[in-house]
Amino acid sequence: MVTIAGSGMGEYNFKNIDVDFSKFDMIFCDQNYETPLPNVTKGNFKVVKEAILNNLDKELLYVVSGSPTFFSGAILIINALKKQKIAFKIIDNTSSLNYMLAHEGVSLVKTGIITLHGKNFVDLQNFLTKEYTFIVCDNDTPRVLSQAISFLDEDDISITLGEKFGYEDETFSTTTLQKMLEKSPRMPYSLLVKRKYKPLPNISSEESIEHENGMITKSYKRHISLQNLELQPNMLLWDIGAGSGSVSIDGYKRYKVKTILFEKNPKRSAMIKNSLKKHKVLDTKLYEGEASEAYKKELSTPERIFIGGGGQKVIAELEYLYGRLAKGGILVANFVTLTNLTQAITVLRKAKISFDVKSISLTTYKMSLLMPEPERIMHQIILKKEIND
């Protein structure tokens, strides 16, 4: 029988575990633990997992910090035991999440949970989507969070810092990311971030996004484009010739994707910045300048690319952009002139890249006379990069 027990908050020892240790043939734990017990095997996760699976004929105890079911290596061992239909028992203990929420009097129902321990990206599905976000942290967390909220105002969030839970010198305090960047919190620490703004609707009206006349992808064309991009949370979207930034804005709001925008016009770039702030878009970056130069400097690998502008220079580099796509990626390019559409088809056929073309049009009826007023037809090219490309 395998028993998995949490040691709760504080120092790495067995003091908070209410079990009879003498009944176990073998005890496993992380190498940081201190214990006088003689039958303890210490090691990293891989060592412990292998030892447990090789000694299933014995009574085994696996000790993990905090709660076994909260961002713990125990989860992987539990899954392995389930697959092999091996009996196990869990003895829970206090997690850093429950400890922080109890101290602050915050409901779990109102709280999203992410971990930035060992990660350099924010899970946008759970970050600031609820009133509170609890964050498991490491030393690099302040930098990662600062990048993710670069278009938020200072008073859009408030942060509670909890340091060294369960230790004699534990503290709770109100802080800012700037303070944490200047002086790193004491490890281990966690954050509880309160969102103080109300998100705008996921479908943005044209009036809510700053734009020059005609320099915005109309809402129905915008969402057809987003649909054809087949977006999923936390994907990276490049928005080339961003114009008003509407595709990136709704890409984040509806699908929680990360975005990088490329716009050469300084006036439009300023408008994009205002709209990114207004719509509280997270984990985004804006390049101002010639797109065909800027995306060559960007080191990331996009899983999706949207081309709404950029002119003939960008169209001439469709083969290059296709090459920058991640395997399994999708590129969607919109055109309103036959000249640009023809150039794009010529470039793709020369490069022997498969593509689909769609034509999108809409007729509206004005005022009480119901007079038809057709809008400009938009042509859309869709490229899908195979996994083995």
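# Close-ups of a predicted model

**View 1. Strand β7 and the strands it pairs with.** β7 and β10 team up in the antiparallel sense, with five bridges between them. In the pairing with β10, Y132 has K194 as its bridge partner. β7 also pairs with strand β6 (residues 111-115), and here the two run parallel, again joined by five bridges. On that side, T115 finds its bridge partner in V136 of β7. As a reminder, strands of a sheet pair through backbone hydrogen bonds, either parallel or antiparallel.

**View 2. What covers the two faces of β7?** Strand β7 (residues 132-136) is mostly covered, with five of its five residues buried. In a regular strand the side chains alternate between the two faces of the sheet. Here Y132, F134 and V136 sit on one side, T133 and I135 on the other, and all of them are buried. Pick out I135 and look past its neighbours within four places in sequence: it is in contact with I114, L116, F127, T141, L145, S190, L191 and V193.

View 3. Which residues have the most contacts inside the largest nonpolar core? They are V122, F127, L128, I135, L145, L191 and L282, in a core of 33 residues. The elements giving two or more residues to this core are α4 (141-148), β8 (157-163), α5 (177-182), β10 (189-195), α7 (246-255) and α8 (266-278). There is also a second, separate core of 27 residues, and I240, A291, A351 and L383 are among its members. The general background is simple: in soluble globular proteins, nonpolar side chains tend to be buried together.

**View 4. Aromatic pairs, stacked.** The model has 13 aromatic pairs. One of them is F14 with F21, a stacked pair at 5.6 Å centre to centre with 20° between the planes. Both F14 and F21 are buried. Another is W238 with Y295: the ring centres are 6.3 Å apart and the planes sit at 20°, so this pair is stacked too. It links distant parts of the chain, since W238 is in strand β11 (residues 236-240) and Y295 is in helix α9 (residues 291-297), 57 residues apart.

**View 5. An aromatic cluster, and lysines over rings.** W238 and Y295 belong to one aromatic cluster together with F262, Y287 and Y320. Y320 has a lysine over its face as well: K296 lies there, at 5.1 Å from the ring centre.

**View 6. The five-stranded open sheet.** In what order do the strands of this sheet run? The order is β3-β2-β4-β1-β5, with parallel pairing in an open sheet of five strands. β3 (40-42) and β5 (88-91) stand at the edges with a single partner strand each, so one side of each has no neighbour in the sheet. From one strand to the next, the twist averages 20°. Zoom in on strand β2 (residues 26-29) and strand β4 (residues 60-64), and you'll find four bridges in the parallel sense. Across that pairing, M26 stands opposite L60 in β4.

View 7. Most residues other than glycine have a negative phi, and most peptide bonds are trans. Here are some spots to check against that background. The peptide bond from M187 to P188 is cis, with omega near -5°, and P188 is placed in the loop between α5 and β10. F71 is not a glycine, yet it has a positive phi of about 45°. F71 is in the loop between β4 and α2 (74-83), and at 47% relative accessibility it counts as partly exposed. K352 is not a glycine either, and it has a positive phi of about 60°. K352 is in the loop between α12 (338-351) and β16 (356-360), where its 78% relative accessibility makes it count as exposed.

Definitions and conventions:
Residues are numbered from 1 along each chain as its sequence is written. This is a predicted model: local features need pLDDT of at least 70, side-chain atom pairs count only at pLDDT 80 or more; totals for chains, interfaces and linings use all residues. Side-chain values use heavy atoms; hydrogens and water are left out. Rings of Phe, Tyr and Trp (its six-membered ring) pair if their centres lie within 6.5 Å; planes under 30 degrees apart count as stacked, over 60 as edge-to-face and the rest as tilted. Buried means under 20% relative accessible area, exposed over 50%, partly exposed in between (1.4 Å probe, protein chains only). A charge sits over a ring if NZ of Lys or CZ of Arg is within 6 Å of the ring centre and within 35 degrees of the ring normal. A nonpolar core is a set of buried Ala, Val, Leu, Ile, Met, Phe, Trp, Tyr and Cys residues joined through side-chain atoms within 4.5 Å. Contact means heavy atoms within 4.5 Å. Two strands pair if DSSP finds at least two bridges between them. Axes are lines fitted to C-alpha atoms, for helices over the stretch in contact, and angles run from 0 to 180 degrees between N-to-C directions.
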